[in-house]
Amino acid sequence: MAEYFHSVTLDTESCRGCITCVKRCPTEAIRVRNGKAQITKERCIDCGECIRVCPHHAKHAVTDPLAAIKGFKYKVALPPPSLFGQYKNQEDLELIRAGLLALGFDEVFEVAAAAELVSSATRMMLERGKLKKPVISSACPAVLRLIKIRFPNLLENVLPISSPMEVAAKLAREQAVRNSGLKPEEIGIVFITPCPAKVTAIKNPFGIDKSDVDLAVSSAEVYPVLLSAMNKLAKNWKGDADTAQTGRTGLSWGNSGGEAGATLATSYLAADGIENVINVLEEMEDNKLADQDFVELNACPAGCVGGVLNVENPYVVVTRLKHLWAYLPVSCNNIKSGSIPKELLWTKDIKPLKTLSLSGDPFEAMRMMRKLEKIESKLYGLDCGSCGSPSCRALAEDIVRGYATEDLCIYLLKDKVDAVRSSMLSLKLESREKGEG
Ligand code: SF4
Ligand code: SF4
């Protein structure tokens, strides 16, 4: 089986082993050993939190360079809603679309347009009443991987609909084939990504076999060149014919609450920021949110606008997006027939990942758990992180798994040194008393 690709990577040279990321990783995927961070790939959900917090910029997201679009005969840009809020004083979405064409793209297909179709399909599914409630949004790939790893019992609550990015990619390719007369493989579908989790999801998609996205270019790389293209265009800009692809429903997906609001469900909640997401999932596991119809969860603060590859402050972007809504119709894309198009639906289930279990053998797992608890009881419970593990329990687990030794705990080490020193002292006193000193 091919190795799981992760967008989030470590630049070992720049890492100072400060443990900031160790303490903030929501899945305890990072350890510092021999003065450098290490990411446990099986646990990482590519949330980007370590990129956000590293004071030495030692964590990065692997994305495709914009220049890679030249490898395709015909290029389609997929800008997400969050991109439209990155620019100051920008009230004309046409100028952003024209700017993307000036960068070398042949077409622009807004992810927000696909989001409106996903909203329409979600409403239809909720009305049919066959989904397990509360239904969890399937749009944030970091959240989906978190559920697979830490909350596998909630997988059956996940909405079995492809993300707007995937739906947009599929529809954009079909449209580009019609418009260009080229073969599907000659067309490059290029997503402008706000976060590393979406890059990872393109390589390891959820609910489908293969992603329709060919390249993922970071929003941060596109930002300055698009700004410069728009500034040039603005000098003679009279406003293009209105080519609106989306309404306020699609654009509102960029921030937390937009997707949930568009379900028109009577009871829903939207949580953003990985810690809040974990709190909600824990409450769901305890059956405390059973009265909710729909739960929207975004790993990034304020939603996709808070992705680490964006440039602007997410809360400023939310205000800008809301300002843009004022000029838009409610929605431009709805499913017209009575059935949900198959392009929108998952074709396969997502399975739990057993990366957190101590052993595949239940008896061995119990034995290891008892050992873990015994080691943990010896530790000081300070969760100081100086051992390079995120907590005392995590160090105990690392020891049981054979990845660490007790000597990594500075307090146990000090106890050992103190014990050796006091036994040497008593030996010295003893020999003095015997008149040997
Ligand atoms: S935050 Fe993590 S990656 Fe960054 S320097 Fe500290 S230990 Fe290294
Ligand atoms: S991307 Fe998220 S899950 Fe992965 S190592 Fe960084 S903080 Fe942990």
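A salt bridge is a side-chain nitrogen of Lys or Arg within 4 Å of a carboxyl oxygen of Asp or Glu. Keep that rule at hand for the exercises below.

This is a predicted model, in which local features need pLDDT of at least 70 and side-chain atom pairs count only at pLDDT 80 or more, while totals for chains, interfaces and linings use all residues. Residues are numbered from 1 along each chain as its sequence is written, chains are lettered from A and ligands numbered from 1 in the order in which they are written, and side-chain values use heavy atoms, with hydrogens and water left out.

**Exercise 1. Find the salt bridge partner of D293 and say where the two residues lie.**

Step 1: Look for the partner. D293 pairs with K133, and their closest N and O atoms are 3.3 Å apart.

Step 2: Helices (H or I, at least four residues) and strands (E, at least two) are DSSP runs, numbered from the N terminus. D293 sits in the loop between helix 11 (274–285) and strand 11 (294–298), and K133 in the loop between helix 4 (111–128) and strand 7 (135–136), so distant parts of the chain, 160 residues apart, are linked.

Step 3: Check accessibility. Buried means under 20% relative accessible area, exposed over 50%, and partly exposed in between (1.4 Å probe, protein chains only). D293, at 16%, is buried, whereas K133, at 39%, is partly exposed.

**Exercise 2. Which residue forms a salt bridge with K73, and is each partner buried or exposed?**

Step 1: The partner is E186, with 2.8 Å between the closest N and O atoms.

Step 2: K73 is in the loop between strand 4 (59–61) and strand 5 (74–78), and E186 is in the loop between helix 6 (164–180) and strand 8 (187–193), so this pair ties together parts that are 113 residues apart in sequence.

Step 3: K73 is exposed, with 57% relative accessibility. E186 is buried, at 18%.

**Exercise 3. Work out how many aromatic pairs the structure has and how each is arranged.**

Step 1: Use the rule. Rings of Phe, Tyr and Trp (its six-membered ring) pair if their centres lie within 6.5 Å; planes under 30 degrees apart count as stacked, over 60 as edge-to-face and the rest as tilted. The search of the whole structure gives 2 aromatic pairs.

Step 2: Y87 and Y223 are stacked, with centres 4.9 Å apart and 5° between the planes. Y87 lies in the loop between strand 5 and helix 3 (93–102) and Y223 in helix 8 (residues 219–234), so the pair ties together parts 136 residues apart in sequence. Y87 is buried at 3%, and Y223 is buried at 18%.

Step 3: Y380 and Y411 are tilted, with 5.4 Å centre to centre and 40° between the planes. Y380 lies in the loop between helix 13 and helix 14 (392–401) and Y411 in helix 15 (residues 410–433), so parts 31 residues apart in sequence are tied together. Y380 is partly exposed at 42%, as is Y411 at 30%.
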